[in-house]
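Student: Could you walk me through this one before I set anything up? I'd like to start with the overall picture and then go residue by residue.

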Amino acid sequence: MNRLHTLHILNKTPDHPRFSECLGTLGPDDAVALTENGVLGLVASKAFSSVQTYALEGDLNARGLSDDNLGAAAPIDYSELVNLTLQAERVISW
């Protein structure tokens, strides 16, 4: 993995103001971890094609999303989410 400046943990739906606010702050060395209703952004937004994106598997399954909805996003479990937080210089929860 390349240097990870900021890990953005996004749990808001695409229609929530913080969802678009998060997208507006993404930098080239950042990554996004979609959790809870944030995984719905994989269906509603193409903004994740330019940044490393991860989605919590349990939340994908709970919302009926399949591999077809992942695009370039990588499914992760809770231990992988913890590892991402340890690799990041900073973490922002949206």
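This is a predicted model: local features need pLDDT of at least 70, side-chain atom pairs count only at pLDDT 80 or more; totals for chains, interfaces and linings use all residues.

Student: OK, how many helices and strands does the protein chain have?

Tutor: The protein chain has four helices and five strands, where helices (H or I, at least four residues) and strands (E, at least two) are DSSP runs numbered from the N terminus. Read along the sequence, they follow the pattern β-α-β-α-β-α-β-α-β. The radius of gyration is 12 Å, close to the 12 Å that the globule rule gives for 94 residues, so the chain is as compact as a globular protein of that length; the radius is taken over C-alpha atoms, and the rule is 2.2 Å times the number of residues to the power 0.38.

Student: And what does the C-alpha trace span, and how much of the chain is buried?

Tutor: Along its principal axes the C-alpha trace spans about 30 × 30 × 20 Å, and 39% of the 94 residues count as buried. Buried means under 20% relative accessible area, exposed means over 50%, and partly exposed lies in between (1.4 Å probe, protein chains only).

Student: Switching to charges, how many salt bridges are there?

Tutor: The count comes to one salt bridge, defined as a side-chain nitrogen of Lys or Arg within 4 Å of a carboxyl oxygen of Asp or Glu. Arginine 63 forms a salt bridge with aspartate 59, and the closest N and O atoms are 3.7 Å apart.

Student: Why can side chains pair like that?

Tutor: Side chains of opposite charge can pair when their charged atoms come close.

Student: Which of the two is buried, and which is partly exposed?

Tutor: Aspartate 59 is buried, with a relative accessible area of 11%, whereas arginine 63 is partly exposed at 30%.

Student: Where is the negative patch on the surface?

Tutor: Glu57, Asp67, Asp68, Asp77 and Glu80 gather there. Patches are made of residues with over 30% relative accessible area and no salt bridge, with like charges joined within 9 Å and nonpolar side chains (Val, Leu, Ile, Met, Phe, Trp, Tyr) within 5 Å. Of these residues, aspartate 77 lies in the loop between strand E4 (74–76) and helix H4 (78–87), and aspartate 77 is partly exposed, with a relative accessible area of 33%.

Student: What about the phi of glutamate 36?

Tutor: Glutamate 36 has a positive phi of about 45° although it is not a glycine. Glutamate 36 sits in the loop between strand E2 (31–34) and helix H2 (41–44), and counts as partly exposed at 41% relative accessibility.

Technical notes: Residues are numbered from 1 along each chain as its sequence is written. Side-chain values use heavy atoms; hydrogens and water are left out. Accessible areas come from the Shrake-Rupley method with a 1.4 Å probe; for residues, only the protein chains shown count as cover. Lys and Arg count as positive and Asp and Glu as negative; His and the chain ends are not counted. The place of a charge is taken as NZ of Lys, CZ of Arg, CG of Asp or CD of Glu.
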